Amino acid sequence: MGVTIHYQGRLKDEMAYGTVRDIATVFAKKHAWPLETISESKKHLERVIEEESILYDGPVYGIKLNPHPYCEPFTLEFDASLYCQDYTKTQFAGPDIHIALIDLIEELKPHFVEFILVDESDYWPNFDEASLLGSFRRIDEVIANLRDENPGSKYMVRTPDGRFIDFIG
């Protein structure tokens, strides 16, 4: 329900990973975003590519940035074929964090041989701030109405993996 950025792509080559990691690290430090390195020798991932579920078991490496306490992590977690796929909900962190993540993605995109970005707010690709603000406002209104209609409900619930559930009625 909330405003989310979905992204997936394959790096050009192994050297591109170092460049992407460095760009993301500098960006995170500039914005005072905590970050952590990802390195696992075996991980199970389920991805959806062209509406087909694809399973991956193997090594992963990358970087995870935490842009805001109320934003989901922005994770660049690559598999052995240099592919990554993830999403980041920015709904509760606000438009400035959303814009900053799109700015970072714009810096990273040239290092991918293929890259797909879906911005639920329609801010990207035209950098339309009115659309972005409208999306945030609409979702906030929907959540407020659901809360009014469902006393005792919960909203903005963080799961153990750092994701947010918009509303539990």
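A disulfide is a covalent bond between the sulfur atoms of two cysteines. For the search, I count a pair of cysteine sulfur atoms within 2.5 Å as one.

**Entry 1: disulfides**

I'm working with a predicted model here. How many disulfides does the structure hold? I looked and got 0.

Next I wondered: is Cys71 buried or exposed? Cys71 has 2% relative accessibility, so I wrote it down as buried. Cys84 is buried too, with a relative accessible area of 0%.

**Entry 2: the sheet**

In which order do the strands of the open sheet run? I traced β5-β1-β6, 3 strands with antiparallel pairing. The edges are β5 (83–89) and β6 (112–119), and each of them pairs on one side only. On average, neighbouring strands here are turned by 10 degrees against each other, ignoring direction.

Then I zoomed in on β1, residues 4–11. I found 7 bridges between β1 and β5, in the antiparallel sense. Which residue of β5 is the bridge partner of Ile5? It's Thr88.

**Entry 3: the helix on the sheet**

What does helix α2 touch? I followed residues 95–108 and saw α2 packing on the sheet, in touch with β1, β5 and β6. I also noted the angle between the directions of α2 and β6: about 165 degrees.

How values were computed:
Residues numbered from 1 in each chain as written. Predicted model: local features only at pLDDT ≥ 70, side-chain atom pairs only at ≥ 80, totals over all residues. Heavy atoms only, no water. Pairing = 2+ DSSP bridges. Helix = DSSP H or I, 4+ residues; strand = E, 2+ residues; numbered from the N terminus. Axes fitted to C-alpha atoms, helices over the stretch in contact; angles between N-to-C directions. Contact = heavy atoms within 4.5 Å. Buried < 20%, exposed > 50% of the residue type's maximum accessible area, 1.4 Å probe, protein only.
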